[in-house]
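Please look over the model below before the next meeting. My comments follow it as numbered points.

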Amino acid sequence: MNTRRIRWYADSANEGEVLRLLDEGLVCGVTTNPEILRADGVTLGRLPELARSWVGHGAEEVFFQTWGSTADEMVEHARELLGISPRVCIKAPATEIGFSAAARLVKEGATVLVTAVYNPVQALAAASIGARYIAPYLGRLDDAGYDGAGIIDTMASAVAGTGTEVLAASLRSPDRILDLAQCGVNAFTAKPAVLRQALRAEASDASARAFEEAMESVVD
């Protein structure tokens, strides 16, 4: 019997925040993209340092996104990123040249995530080239007026059994993580603040305080 494994990733390039989550055993890896790098003030030159730091603290996978105006450029930059660490995985955008680059990288043995996937046919295209992951953006789908969870549910069903897995992104609240988990999605990436929010409930905190108070009276 196969056991379902739920996996959380930190969607951040903030070294300290990610290290804390890794050290606490709360995430299994890290996802980044150019917008995240810019927001966290990280330049390309720091990526090797970040990868070594995160892998050294237990990250199973570290995702960096390739870039370029042609598939050749994307492949070239991806190879440079892959040289940083065996645990680096490549993100490529769900565009024509992105799919072309992703297909070549898969054939070279890279772990590839096709990112910014917005419709189920793109999900099938990613599966057809052997991409390990697709990353649909729940928040952005919802912002555009679509039923984001419904679309991602359809994507997950379409690629089930293919070897391609949904790694859901743009998750802005713990409730939305739960919505997708109930659709069968097992891998999620979110900002550290959202992941930490998922750990908290007022009733749980109250119970923990009561346990601590009771323990004080039974300790010899």
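1. Basis of the note. This is a predicted model, in which local features need pLDDT of at least 70 and side-chain atom pairs count only at pLDDT 80 or more, while totals for chains, interfaces and linings use all residues. Residues are numbered from 1 along each chain as its sequence is written, and side-chain values use heavy atoms, with hydrogens and water left out.

2. Secondary structure. The protein holds 11 helices and 8 strands. Both are DSSP runs numbered from the N terminus: helices are H or I with at least four residues, strands are E with at least two.

3. Overall dimensions. Along the principal axes, the C-alpha atoms fill a box of roughly 70 × 40 × 40 Å.

4. Burial and surface. Of the 220 residues, 45% are buried. Buried means under 20% relative accessible area, exposed over 50%, and partly exposed in between (1.4 Å probe, protein chains only). The protein exposes about 11,200 Å², and carbon and sulfur atoms supply 51% of this area. Accessible areas come from the Shrake-Rupley method with a 1.4 Å probe; for residues, only the protein chains shown count as cover.

5. Contacts along the sequence. Among contacts between residues at least 6 apart in sequence, 57% join residues at least 24 apart. A contact means heavy atoms within 4.5 Å.

6. Threonine 31. This residue lies in strand 2 (residues 29-31). Threonine 31 counts as buried because its relative accessibility is 2%. Leaving aside residues up to four places away in sequence, threonine 31 touches Tyr9, Ala10, Asp11, Ser12, Ile36, Phe63 and Thr189. With the side chain of aspartate 11, the threonine 31 side chain makes a polar contact at 2.5 Å. A polar contact is a pair of N or O atoms within 3.5 Å; within protein, one must be able to donate a hydrogen and the other to accept it, and residues adjacent in sequence count only if both atoms are side-chain atoms.

7. Positive phi values. Alanine 116 sits in strand 5 (residues 112-117) and, at 22% relative accessibility, counts as partly exposed. Serine 170, also not a glycine, has a positive phi of about 55 degrees. Serine 170 is in the loop between strand 7 (165-168) and helix 9 (174-181), and its 17% relative accessibility makes it buried.
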